[in-house]
Amino acid sequence: MSAKEPESDRKIVLETRDLYKHFAGVVALSQGNFALRENEVHAIVGDNGAGKSTLLKLISGALQPDAGAILIDGKPVTLANPTAARRFGVSTVFQDLALINHLDAASNMFLGREILLPPPFSWFGVLDKRTMRQRVVDEVRRLKVGVRSVDQLVGGMSGGQRQAIAVARAVAFGTRIVVMDEPTAALGVRESGAVLDLIKAVQARGLSVVIISHSMPDVFKVADRITVLRLGRTVSTVDRDQTSLQDIIGMMTGAFPGDAAGSEVRH
Amino acid sequence: MARSTATETGTIPTAPTGPGQRLRLALLNRDVQRLLLNIALILIIGLAVHILGGGKFFTIRNIFALVVQISVMTIIASAMTLVMVAGAIDVSVSGTVVLSGVTAGLLIVHGMPTPLAFAAAIGTGVVVGLINSFLVIGIGITSLIATIGLLYVTQGVANLMTNGLPVIGLPLDFTYVGTGYILGVPVSLPIMLGVVVLLIAVQRLTRFGRYIVAAGSDPQAAFLNGINVNRTLTLCFVISGAAAGWGGVLYASRIGNPAPVVDNDLLFQVIVAIVIGGTALTGGQGSVLGTFVGAVLIGVVNQSLNLLGVSTFWQYVALGALLVFSVGVDAVARRDSIRDLRRRLTRTPRAAADASRELTPQLPEKGRET
């Protein structure tokens, strides 16, 4: 569907083929097709129950598909859990952010991948707090995340700051693909703007970004391409510049058929 | 101290915190405040009793007596703090104390060398911890209920093993760890401090300590970050069980003849020490250091009333009052901070606008209605 631009020659870093997932008799996703190009921001949209969240959880390793394949750099992979996905360079910012309120920002950023002091201390799991803290400060500066102190408990931060910490955590540590679930859903106007800037900053660092959002204005602000899901199927993937809000809404609601087979997605 | 508004996003780069600022942050921390309050209470009560009781409180003799009195409770409470931070509770400990004490006693009577018997007693606690974690994690029973079950089972098994009678015929050296002296101090002192320092180190310095907080604060988020929540909780139960097993040895050694009788006071003092120390029943929050100070405070109150010749009945009243006071102070502080927040929001129009923007959910998108 989309015109062949130079951009479309970009490498596909992550692809899903006919992903299928059901829960206790309900088919959440019947034909999840999706292809993420290198260094693009790709939005997945759809009405409630369209299967967006399921697709995202499959990509992030939080769920496993019943059928279909996930390919990273063209090779089929199994993402048994979010940690496995991270090992393939896929980091997810979940909607509830998965931050620990009782830990400070620095501890949260290294949660699950702490740096330990050299042996013999590492045998006992003794943390190298200084190194971790320094790297967190560097990362937070680089992304221009506005937090007063990385020693502050995450529970005491505002929604935007929490989102920023979660994003900073996702993009650090050799991540290539960042998956974000409703990054602006709980935020006010100003904080949403800051998060959208953050997404652009992540892209500018050469990473690929997948976002799921209900907010069409936000999607049109940051996304390069948009994939529309409807009733568990991929309807179409379109370039942001070649579509309109009306087209997207038409595809979401079924007023527009799109290329319903979903095969076009991989151009 | 006014906190700056919570909405400053994307503006201020992270300033590295200097020692001065870190100290100020620490003093604003409610846990630190509680710790200081408890230490102040210990000193004030101690000093008052010292003066009233004719200079008998701050004496080596009295302090050693206090240490012996609180050692079992402190060891168990320190370990159980980890379970509570992990979001669970372990009330089986006082059953474990009885079971492990009886186990050690019987093994020694039947000819096992004392150190091995002590190790077996700790092993008993580990087994209880493993059963607890199986019930809580494997089957999904609430930890309070599962461990109440184990409290009765351990007590019952201890009675079955001894026919409900105290174990007799133990050699005299059995009482050494509970009542003896080493290098001029009660053996209980280095044992207690060793356990407390070890657990403080585990909590503050290790990855496991951090995972305990994560598992107790938000298990789902912890899992999404690749933390094995079940393994973390299991290890906490095992540590708690082992500490209760070791506490059982100390307890039995102090009495001389391990009896299959559960000391309910011990269980409740353990819980009171943990709560006074600032550990939340909801998980994610609490420190072994706080529990240690809480245990010392309980010991000081009990010992003070003993010194002044106040009856045991009043000691119960004092302990209850201490618990209610301690938790009450926290509740009032929290209520005040909410009131402050509200006042601040209504005072400055700018802050109020920021706050309402924060609190208002984003409007639904035009595209969403079908």
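Figure 1. In soluble globular proteins, nonpolar side chains tend to be buried together.

**Figure 2. A look around Val270(B).** Which residues is Val270(B) in contact with, leaving aside its neighbours within four places in sequence? They are Met73(B), Ile76(B), Ala77(B), Met80(B) and Val93(B). Two residues are in contact if their C-beta atoms, placed from the backbone, lie within 7 Å.

**Figure 3. Helices α5 and α11 of chain B crossing.** Two packed helices are described by the angle between their axes and the distance between the axes. For α5 (residues 114–139) and α11 (residues 229–255) of chain B, the axes come within 7 Å and cross at roughly 145°. The crossing of α5(B) and α11(B) is right-handed. Its residues split into 14 nonpolar, 11 polar and no charged. Axes are lines fitted to C-alpha atoms, for helices over the stretch in contact, with angles running from 0 to 180 degrees between N-to-C directions. A crossing is right-handed if the near helix is turned clockwise from the far one by less than a right angle, and left-handed if anticlockwise. Ala, Val, Leu, Ile, Met, Phe, Trp, Tyr, Cys and Pro count as nonpolar, Asp, Glu, Lys and Arg as charged, and the others, Gly among them, as polar.

Figure 4. Pro119(A) and Pro120(A) are joined by a cis peptide bond, with omega about 10°. Pro120(A) sits in the loop between α3 (105–109) and α4 (129–142) of chain A. Asp18(A), in strand β1 (residues 12–23) of chain A, is not a glycine, yet its phi is positive, near 45°. Leu231(A) isn't a glycine either, and its phi is positive too, about 50°. You'll find Leu231(A) in the loop between β9 (225–230) and β10 (233–239) of chain A. Why does Leu231(A) count as partly exposed? Because it has 15 C-beta neighbours inside 10 Å. Asp18(A) is partly exposed as well, with 17 other C-beta atoms within 10 Å.

**Figure 5. Leu47(B) and Met252(A), buried or exposed?** Leu47(B), in helix α2 (residues 30–52) of chain B, is exposed because it has 12 other C-beta atoms within 10 Å. Its C-alpha atom is 47 Å from that of Leu160(B), 113 residues apart along the chain. Met252(A), in helix α8 (residues 245–253) of chain A, is buried, since 22 other C-beta atoms lie within 10 Å.

Figure 6. Chain A has 8 helices and 10 strands, and chain B has 15 helices and 2 strands. Helices (H or I, at least four residues) and strands (E, at least two) are DSSP runs, numbered from the N terminus. Of chain A's 267 residues, 52% count as buried; for chain B's 370 residues it's 44%. Chain A averages a pLDDT (the predictor's confidence in each residue, from 0 to 100) of 82, and 90% of its residues score at least 70. Over residues 1–5 of chain A, the pLDDT is below 50, and residues 260–267 of chain A are below 50 too. In chain B, the mean pLDDT is 84, with 84% of residues at 70 or more. Where pLDDT is low, the predicted coordinates should not be read in detail. For the complex, the predictor gives an ipTM of 0.75 and a pTM of 0.81.

Residues are numbered from 1 along each chain as its sequence is written, while chains are lettered from A and ligands numbered from 1 in the order in which they are written. As this is a predicted model, local features need pLDDT of at least 70 and side-chain atom pairs count only at pLDDT 80 or more, whereas totals for chains, interfaces and linings use all residues.

Note on methods: Buried ≥ 20, exposed ≤ 12 C-beta atoms within 10 Å, placed from the backbone.
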